[in-house]
Amino acid sequence: MSRPADRLNRRLTIGVLLACWLLSCTSALAGPPPTKAEIARQKAEQLEQRVVETDRIEPAPDAARLTPEGVEAVDPRGLAPLDDAISCLARSIYWEAKGTDQREMQAVANVIMNRLGNPEFPSSLCEIVQQGAESGHCQFSWWCDGRPDEANEPEQYTAAKEVARRALNGTLPDITHGALFFHHRSISPGWMSTLVRTARTHEFNFYRQPG
């Protein structure tokens, strides 16, 4: 006959084995952990929403910020569909300012983020970048030029993604002073006469609405 201590040990062992089995089943049902890209997309969506809800661009808490590795995982080859905040912002920076220096890319990112924080514009970065496509009057010309939208210059696109990461994290200084519009300095669009110029870079002029 087993002693009481032996019975207790046996019950404890069975209990531990049952708990381990339940935990492994729960883990299996939960599926694999999220990938770096999935985590980055989720963070970017939360950072995007943070700007929309507060109408301000401020540094995000450290734990909420995008990492270089996460951003890289979302679109490593510049081929991702334009349906997430990181890709839409980075691809727009790339196409508007590729071949220029970091300051030009930063200024373009400032305008897009300023629009995100302004209730007069759409409430997501992809909608901002793609605004006007339905009427053929795109706010960002690269989106409507009929050419492929893939980023095929890795170094330039890596630089654009880093600027996009800092912009979403709220750590990119606004060198345009609140600009919502810009154009290349080689052209003079008619709409600029109704706006207030806020900044000028080597490549672009930047504007806000009066008042």
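Lys161 is placed in helix α7 of a predicted model, in which local features require a pLDDT of at least 70 and side-chain atom pairs count only at pLDDT 80 or more, whereas totals for chains, interfaces and linings use all residues. Residues are numbered from 1 along each chain as its sequence is written, and side-chain values rest on heavy atoms, with hydrogens and water left out. Helices, here and below, are DSSP runs of H or I with at least four residues, and strands are DSSP runs of E with at least two, both numbered from the N terminus. With a relative accessible area of 4%, Lys161 is buried, where buried means under 20% relative accessible area, exposed means over 50%, and partly exposed denotes values in between, for a 1.4 Å probe and protein chains only. Residues up to four places away in sequence being set aside, Lys161 touches Val71, Glu72, Asp75, Pro76 and Ala90, a contact being defined by heavy atoms within 4.5 Å.

The side chain forms a salt bridge with that of Glu72, at 2.9 Å from N to O, the criterion being a side-chain nitrogen of Lys or Arg within 4 Å of a carboxyl oxygen of Asp or Glu. This pair links distant parts of the chain, since Glu72 belongs to helix α3 and Lys161 to helix α7, 89 residues apart. Glu72, at 33% relative accessibility, counts as partly exposed.

Because Arg91 lies in helix α4 and Asp75 in the loop between α3 and α4, the pair ties together parts that are 16 residues apart in sequence. Both Arg91 and Asp75 are buried. A further salt bridge joins the side chains of Arg165 and Glu162, again with an N to O distance of 2.8 Å, and both of these residues lie in helix α7, three residues apart, or about one turn of the helix. Arg165 is buried at a relative accessible area of 16%, while Glu162, at 27% relative accessibility, counts as partly exposed. A search of the whole structure finds six salt bridges.

The buried residues of α2 are Ala37, Ala40, Ala44, Leu47, Glu48 and Val51. They cover an arc of only 100° around the axis, which puts them on the same side of α2, the arc being that of the directions from the helix axis to the C-beta atoms. Cover for these buried residues includes α3 (68-74), α4 (85-97), α5 (102-116), α6 (125-129) and α7 (154-169), whereas the face turned away from the buried side carries the exposed residues Glu45, Gln46 and Glu53. Val52, also in helix α2, counts as partly exposed at 21% relative accessibility. Beyond residues up to four places away in sequence, Val52 touches Leu116 and Ser123; Val52 and Ser123 are 71 residues apart in sequence, with their C-alpha atoms 6.1 Å apart in space. Helix α2 is followed by Asp55, whose phi is positive, near 60°.

Thr198 lies in strand β2, residues 196-200, and is buried, with a relative accessible area of 18%. Its side chain reaches the backbone oxygen of Thr176 at 2.6 Å. With neighbours within four places in sequence left aside, Thr198 is in contact with Thr176, His177, Ala179, Phe206, Tyr207 and Arg208.

Over the protein as a whole, there are seven helices and three strands, which run α-α-α-α-α-α-α-β-β-β from the N terminus on. Of the 211 residues, 40% count as buried, and among contacts between residues at least 6 apart in sequence, 61% join residues at least 24 apart.

Terms used. A polar contact is a pair of N or O atoms within 3.5 Å; within protein, one must be able to donate a hydrogen and the other to accept it, and residues adjacent in sequence count only if both atoms are side-chain atoms.
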